[in-house]
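Hi,

Here is the structure I promised you, with some notes on its salt bridges below. Have a look when you get a moment.

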Amino acid sequence: MDGGPSPSAGGVGSDAVLRTACVDSDAPDLVDQLVQALGDGPFALVLIFCGPATLFQDLVTGVQSRLGPAPVMACTTAGEIAPGAGYVEDKVVAMALPQRCFEAQVLLFKDLENLPSNELTQQTIRARAALSERAPEMTQEFAFLMVDGLSMQEDRLASALTAGLGPTQLFGGSAGDGVRFEHTFVALNGVCHEQAAVLAVVRSACRLRVFSVNHFKPTDLRMVVTRADPSRRLVHEINAEPAARELGRLLGKDPHQIDTFTFADSPMVVRLGGSHHVRAIKRVTEDGGLEFFSAIDEGLVLTLAEAEHIVDHLDEQLSALARDRAPEAILACDCVLRRIEAEKRQLKRPLDEVLARHNVTGFSTYGEQVNGMHVNQTMTGVAIYAPEFPCRET
């Protein structure tokens, strides 16, 4: 390729294990800059993350037309994580996996609410088998999920897909809409969808490590959900009292002053499978209930959690991934509430530095998936290391 992309656009050499790019979402030549930054293919998979201000359909149509047969997965976000920069907004961030080191099998699931779980599982089994047959020499594998963040189907989806993936580890994120919570989109091959999800099963010659981290420790303060509407993720009563009023009492706050920042500061966790997982609250409803980001049910015991230092904790966890050798890059899905917490505590800059130093690329989500779980206030991702053996010629 003649000339290189500008530093602001990203871009790496043609022999790199993977490619990344970051371009201003209002750039008049947005598609040109992205394609130039990613460099020459062929690519096994291209991932695009962009904020709600971007003309999403135009973007994905334009990129797909330029990249030909490469599957292009995309989603709207609640913020982006740019290579070498950390948290950014109003950017389009992309990652491309070259065919010389990767192969991917991609599935689109539409009309999630009416798609039977057994069909999700069976399609996933077939996709994994087809990929194994196509790339038998690539023995490292992960599955990456993008899902409509307002579909309220993530819990069922993660469980059904994991059943079909066998030993292959799944991670992913729920598409966002800034902090508006109005419309979230996913796209595959230039076509946008709501109430849908896209799954990529990826094989590689690179060593891979799927991970999940959150910086919360459970306290001794527990509460019981006594009345709920699980289908809408609504809790009406906690400890047989109106939910928002009781939560305010337990936190020592006026329930009318509980807001997004309160939820980021005071998350709830549930104990499942021997570990604690965050069940974050989205908002207080007009009737004093609480709407959650993930599955909730009557009888569930919620435990108030307290935060460790988010910057130190993330640096420690990502450094552990580099203990033997540093990854070439980390692809991550990071809850928007973590970004909100960092901004409120004036820790965004040091957190940006941690993300940049560890080569993290990804997006801020409305929820995260790891194996069979849909969680909140968590970072899930995959660390991608140098190849275990020489990549093939393409």
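Glutamate 291 is buried, at a relative accessible area of 10% (buried means under 20% relative accessible area, exposed over 50%, and partly exposed in between, with a 1.4 Å probe and protein chains only). Its salt-bridge partner is arginine 283, with the closest N and O atoms 2.6 Å apart; a salt bridge here is a side-chain nitrogen of Lys or Arg within 4 Å of a carboxyl oxygen of Asp or Glu. Arginine 283 itself counts as partly exposed, at 40% relative accessibility.

Before the rest, a word on the source: this is a predicted model, where local features need pLDDT of at least 70 and side-chain atom pairs count only at pLDDT 80 or more, while totals for chains, interfaces and linings use all residues. Residues are numbered from 1 along each chain as its sequence is written, and side-chain values use heavy atoms, leaving out hydrogens and water.

The salt-bridge count comes to 20. One of them joins glutamate 89 to arginine 339, with 3.9 Å between the closest N and O atoms. Glutamate 89 sits in the loop between strands S5 (86-88) and S6 (91-98) and arginine 339 in helix H8 (residues 336-344), so this pair ties together parts 250 residues apart in sequence. (Helices, H or I with at least four residues, and strands, E with at least two, are DSSP runs numbered from the N terminus.) Arginine 339 is buried, with a relative accessible area of 2%.

Arginine 245 pairs with glutamate 241, the closest N and O atoms being 3.1 Å apart, and glutamate 241 is partly exposed at 32% relative accessible area. Finally, a network of salt bridges links Arg128, Glu141 and Arg203.

Best wishes
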